[in-house]
Amino acid sequence: MSVARFCSVAIIWGLFSLLGCSQSPKEAASSVAVSNPAVAILNDSIAKRFNPAEASRKAGQLDTFFHNLHNRYGFNGTVLVAQYGKVIYKGAFGYKNLTLRDTLTTTTPFQLASVSKQFTAVAIMQMKEKGLLNYDDPVYKFIPTFPYDSSITIRLLLTHRSGLPSYQYGLEKYCDKSQPLSNQEVVDKLCLYKPVPYGRPDVRFHYNNTNYVLLSYIVEKLSGKPFSKYAEQNLFKPLGMNNTFVYDGTNTNLLMAAATGYTGGRRSLAIDYLDSVTGDKSLYSTAEDMFKWDRGLYSEQLISQKTLEEAFRPANDDARLVTRNYGFGWRLQKIPNDQWLTFHTGWWHGFKNYFMRNRPDQSSIIMLSNVANSYLSQVKMVQAILYPDKARFFLRGENVDPETGDQMLAGEGMQGGGDVTPELSLSDLYKMLPVAPVVKHKVVHRKGKQHVVTKRGAKATKAKAPVKRKAPAQKKRRR
């Protein structure tokens, strides 16, 4: 372990030792202002379960894991992990711009991609609380020239059940790619060119960015403001999210502070005409600000808890969505106690993100990256560190106790902590990962070429034919 890293871990452990005696000013600033007494009592009861010793142990494991993720898997980004409403680990790895090599910090803005959708959903819920719309209002009520089925409602947009076409592909040939595309232009072109819909409304779940662009446009029509300005005034400022903004093509100067997006091969990706469309993406935020957003959703600063609760209910009864579902701007994963873990991923133009919230213990995992490689496959390790008693569930999909191997009770919750939480090392967790299946191959020779065929019937892949080399000429011996 390097000296710098040893000092980093030592500082983390020291801070959590102090937390047992008093609350630091920084943490006090992250506390949630709650006017509803019942909500305040619930938040306080969860905060009291915070265990500094357990938190420092998890912080050490997270530090080791993320350094490994950066060094071995190329993770380039920022991270913040919290439990019981308190930060237990945060860090920044790599560069904001790989060419300039300017170091990332937890206050660097990243393009959130589809993680932006939850902000659009909250804006719509605010409109509902103000009496400006109902979820079952038809879309044509707000867009009179809407050319698609009249049964498509706000609710179907929120839950991706509208059956609408993708504006990205359906309108591509009608757009001037040298100019930023606006929400108004997307709506105008949908109405004019009428791309073929994906399917009939309310038949099945079909994830589609068009839904959230239309929702953003409806917020603009009802508020009389660009979505970027509405979000700034009604979502970001109330929570002190000072480094968060919505890019809409008119505020290019704000991008100067943001990270640059890269492919997995580390090729930079420029802003294009689609980046300025809002609602489905285009929201930039930081790890620190996303934690403020997370805490704000446990208060009633933006909307009431009663209104917000509907965002976390599974909206689809499709047979294929038994363990995975969608609410209002949130993906849902069923966990062992039949509750739903709320999360969302985002992937757009070199940015790849993950944001998870587990409401029973107010935990959160915020991972923002500007190099779109495969690091997200390792998120399950972070979940296992947070919940060692549920490690097998996250790492292997098994609903068993990690110490005894017994089947977990249906009533066991994702609460974290407690006196019986097993202390598993990182090596213990890595051992729980499923072993990669061994796929046997056989080589079939066909007319001088080799075809590698798997026993599982996978498509044959051509292999290079062996190179025939002439035998070296033997030198004549002198007699």
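How many disulfides does a search of the whole structure find? The search finds zero. Keep in mind that this is a predicted model. Cys-175 has a relative accessibility of 14%, so it counts as buried. Cys-191 also stands at 14% relative accessibility and therefore counts as buried.

Now step back to the whole chain. The chain holds 15 helices and 17 strands. There are 479 residues, and buried residues make up 51% of them. Next, take the contacts in the chain with a separation of 6 or more. Of these, 67% are between residues 24 or more positions apart.

Next come the helices. Two packed helices are described by the angle between their axes and the distance between the axes. Start with helix α5, residues 117-129. The crossing of α5 and α9 is left-handed. Which residues of α5 meet α9? They are Lys-117, Thr-120, Ala-121, Ala-123, Ile-124 and Met-127. On the α9 side stand Asn-209, Tyr-212, Leu-215, Ser-216, Val-219, Leu-222 and Ser-223. Sort the residues of this contact by type, and you get eight nonpolar, four polar and one charged.

Helix α5 also packs against helix α10, residues 227-236. What is the angle this time? It is about 75°, with the axes 11 Å apart. The helices α5 and α10 are therefore roughly perpendicular to each other. From α5, the contact uses Phe-119, Thr-120, Val-122, Ala-123, Gln-126 and Met-127. From α10, it uses Phe-227, Tyr-230, Asn-234, Leu-235 and Phe-236. The residues of the contact of α5 with α10 divide into eight nonpolar, three polar and no charged.

Look at one residue of α10, Phe-227. Is Phe-227 buried or exposed? Its relative accessibility is 2%, so Phe-227 counts as buried. Leave aside its neighbours within four places in sequence. Phe-227 is then in contact with Thr-120, Ala-123, Ser-216, Val-219, Glu-220, Val-246 and Thr-278. Thr-120 and Ala-123 are among the α5 residues in the contact with α10. Ser-216 and Val-219 are among the α9 residues that meet α5. Phe-227 can also be placed against Tyr-247: the two are 20 residues apart in sequence, and their C-alpha atoms are 9.6 Å apart in space.

Helix α9 has a further partner, α8. These two pack at an angle of about 115°, with their axes 10 Å apart. The crossing of α8 and α9 is left-handed. Helix α8 brings Asn-183, Gln-184, Val-186, Val-187 and Leu-190 to the contact. Helix α9 brings Thr-210, Val-213, Leu-214, Ser-216, Tyr-217, Glu-220 and Lys-221. The residues of the contact of α8 with α9 divide into six nonpolar, four polar and two charged.

Stay with α8, which spans residues 183-193. Which of its residues are buried? They are Asn-183, Val-186, Val-187, Lys-189, Leu-190 and Cys-191. What covers them includes α7, residues 167-170, and α9. After α8 comes Lys-194, and its phi is positive, near 50°.

Thr-153 is in the loop between α5 and α6, where α6 covers residues 154-158. Its relative accessible area is 12%, so Thr-153 is buried. Not counting residues up to four places away in sequence, Thr-153 touches Tyr-135, Asp-136, Asp-137, Pro-138 and Val-139.

The other residue is Ala-92, in strand β2, residues 86-93. At 33% relative accessibility, Ala-92 counts as partly exposed. Ala-92 touches Gly-77, Thr-78, Leu-104, Thr-105 and Thr-106, again not counting residues up to four places away in sequence. Where is Leu-368 relative to Ala-92? The two are 276 residues apart in sequence and 9.5 Å apart in space, C-alpha to C-alpha.

Definitions and conventions
Residues numbered from 1 in each chain as written. Predicted model: local features only at pLDDT ≥ 70, side-chain atom pairs only at ≥ 80, totals over all residues. Heavy atoms only, no water. Axes fitted to C-alpha atoms, helices over the stretch in contact; angles between N-to-C directions. Helix = DSSP H or I, 4+ residues; strand = E, 2+ residues; numbered from the N terminus. Left-handed = near helix turned anticlockwise from the far one by under 90°. Contact = heavy atoms within 4.5 Å. Nonpolar A, V, L, I, M, F, W, Y, C, P; charged D, E, K, R; others polar. Disulfide = S-S within 2.5 Å. Buried < 20%, exposed > 50% of the residue type's maximum accessible area, 1.4 Å probe, protein only. Parallel < 35°, antiparallel > 145°, perpendicular 65-115°, else oblique.
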